[in-house]
Amino acid sequence: MHSQGTRSSCIPVLNIPREEYALKTEVTYFLSKNGISEDLLTFRDEVDLAALHAAGRLRLTLVDHHALPERDRPLYASLASVTPDEPSAVAVLDHRPRDAVAAAAWPRDCEVVINVVGSCASLVGERILALAPELFDAQVADLIRGTVLLDTACFSAQADRTTPSDTAIVSACEERGTGHASDRSATFEDIIAARKDVSELTALQILHKDMKVVRGLPLPGMPLLVQDFLQRADAAEALAALCAKHLSDAAVVMGMSFSGEASSTLRRDIAVYSAGGKEQPAKTLVEALQKDESLQLVERPCALPGVSLFDQRNTKCSRKQVLPLVQAALSA
């Protein structure tokens with residue numbers, strides 16, 4: 001793709017190495033269903049962003065995140081800025097709580113859109129409709145609709161993540177795509193089934209399936225409860241390997257599971273793992289999470305050494321809410 005009025009190439013890049021794509025079972029399923037094969041995708045390990053930045057040839061837009069890991073922080077200087085040729089350029093499009101450290105590094109002349117919505121795909125859809133409605137064809141509509149339904153748990157009241165922007169963009173998608181309001185649950189169920197299918201993955205691959213890194217500490221999210229994951233024979237080895245890979249003395253692992261008719265019942269749990277039995281930072285993390293009353297944590301017995309396990313009674317709190325708590329604990 002090319003930007004209108006410029007010679008710049010616009011390349012959507014998945015922020016994972018190609019070898020990890022197979023771990024994103026819901027992504028591979030849904031893109032394939034919508035006619036997008038892996039050979040059409042570009043992955044982070046296939047584009048040398050640092051070299052492009054150093055050569056002054058990079059204009060970067062961050063979508064669905066805005067805080068870069070330490071190795072990538074020089075790239076903040078290449079965030080897209082508004083120019084006469086590209087007056088609609090946006091540097092950040094996200095729905096997570098603003099990271100003050102990241103925000104301090106952003107160029108002053110860039111546009112940042114951080115709005116509270118259930119799915120960042122809603123912000124993407126709104127922007128396409130406002131600036132380039134001709135691009136909003138049936139394929140784009142179906143991709144955005146499915147992503148919003150997944151992120152909001154199909155507008156579940158229990159998950160409590162849906163905003164008017166989410167419902168409005170899904171309705172707009174249904175006017176242009178192939179989906180209908182009557183089959184939203186079916187679409188959600190299909191994507192959830194693909195996400196939950198980890199039968200071919202090792203425990204370490206499950207941990208890497210949906211992972212964030214916060215101040216060097218891994219924070220995986222899993223499509224199954226942590227308590228069930230810990231029953232695997234390779235769970236302890238996988239947790240140790242995860243921390244070793246990231247040179248971290250701890251990890252925070254979040255689990256979730258849908259059950260019941262139409263996957264209407266959501267459960268969550270969370271664990272803090274201490275690598276090699278080291279007291280810190282695991283102790284500080286446990287104290288910070290327990291102190292936050294909004295999570296409604298209830299400790300559970302756990303036979304695996306180095307693991308503190310909790311039921312999370314407030315299922316409305318996702319990793320989006322836990323991540324700032326972890327950041328603050330590690331910065332204290």
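Below I go from confidence to sheets to helices.

**Ground rules.** I am looking at a predicted model, where local features need pLDDT of at least 70, side-chain atom pairs count only at pLDDT 80 or more, and totals for chains, interfaces and linings use all residues. Residues are numbered from 1 along each chain as its sequence is written, and side-chain values use heavy atoms, with hydrogens and water left out.

**Confidence.** I checked pLDDT, the predictor's confidence in each residue, from 0 to 100. The protein chain averages 92, and 96% of the residues score at least 70. Confidence is lowest in β6, at a mean of 90, and highest in strand β2 (residues 42–43), at 98. The names come from DSSP runs numbered from the N terminus: helices are H or I of at least four residues, strands are E of at least two.

**The six-stranded sheet.** I traced an open sheet with mixed pairing, in the order β6-β7-β8-β9-β11-β10. Two strands pair if DSSP finds at least two bridges between them. β6 (211–214) and β10 (297–300) each have a single partner strand, so one side of each lacks a neighbour in the sheet. Neighbouring strands here are turned by 25° against each other on average, direction ignored. Axes are lines fitted to C-alpha atoms, for helices over the stretch in contact, and angles run from 0 to 180 degrees between N-to-C directions.

I then zoomed in on β7. β6 and β7 are antiparallel and share four bridges, with V213 partnered by P218 in β7. They make a hairpin with two residues between them, and R215 in the turn has a positive phi of about 50°. With β8 (residues 250–259), β7 (residues 217–222) runs parallel, joined by two bridges; M222 stands opposite G255.

**The three-stranded sheet.** I found a second open sheet, β3-β4-β5, with parallel pairing. β3 (62–63) and β5 (112–114) are its edges, each with a single partner, so one side of each has no neighbour in the sheet. Three bridges link β4 (residues 92–94) to β5, and D94 has I114 as its bridge partner. Helix α4 (residues 120–131) lies across β3, β4 and β5, at about 130° to β4.

**A helix pair.** Which angle do α1 and α5 pack at? I read about 150° for α1 (residues 25–33) and α5 (residues 138–151), with axes 10 Å apart. That makes α1 roughly antiparallel to α5 (over 145 degrees counts as such). E26, F30 and L31 of α1 touch D142, L143, G146, T147 and L150 of α5, contact meaning heavy atoms within 4.5 Å.

How values were computed: Parallel < 35°, antiparallel > 145°, perpendicular 65-115°, else oblique.
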